[in-house]
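Student: I would like to go through this model with you. Could we begin with its contacts?
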Amino acid sequence: MRRFFLSFRYAFEGLMTAFKRERNLKVHMIAAFLVIVFGFVFQLTISEWMILILTIAVVIITELINTAIERTVDLVSPKYHPLAKEAKDIAAAACLISAVTSVIIGILLFGSKLYIFFID
């Protein structure tokens, strides 16, 4: 049972390390906080909240995986290698796709609500 609870501690330590050292993760967390506030302001439905929470989670998870890949590549290949660059670039591309997709989802979720807010 002790090992089970330690795994949560290690996961939390990993999250805190990434948050302290990764600028992009900080940006994503701030954006997530703001979007959640907007969700309350615009009274999202349960379905909209589920989509929003899942979208936030995917972006943060992708950023964490990207960070883990970058750290691993740096450890295994401290000198420049074209394959190391490709691995890091591909992981960064995954972050870009998840971030762009989240913006599109945000526009779909909030666009009509913002339109009504500013028109009425």
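Student: Which residues does Ile60 touch, not counting residues up to four places away in sequence?
Tutor: Ile60 touches Leu25 and Met29, where contact means heavy atoms within 4.5 Å. This is a predicted model, in which local features need pLDDT of at least 70 and side-chain atom pairs count only at pLDDT 80 or more, while totals for chains, interfaces and linings use all residues. Residues are numbered from 1 along each chain as its sequence is written, and side-chain values use heavy atoms, with hydrogens and water left out.

Student: And which residues make up the largest nonpolar core?
Tutor: There are eleven residues in that core, including Leu25, Trp49, Ile60 and Phe110. A nonpolar core is a set of buried Ala, Val, Leu, Ile, Met, Phe, Trp, Tyr and Cys residues joined through side-chain atoms within 4.5 Å; buried means under 20% relative accessible area, exposed over 50%, and partly exposed in between (1.4 Å probe, protein chains only).

Student: Which helices supply at least two residues each?
Tutor: Helices H2 (23-41), H3 (46-76) and H4 (82-119) do. Helices here are DSSP runs (H or I, at least four residues), numbered from the N terminus. H3 gives the largest share of the core, four residues.

Student: New topic: where is Gln43?
Tutor: Gln43 sits in the loop between H2 and H3. Its phi is near 50°, a positive value in a residue other than glycine.

Student: Is Gln43 buried or exposed?
Tutor: Gln43 is exposed, and its relative accessible area is 66%.
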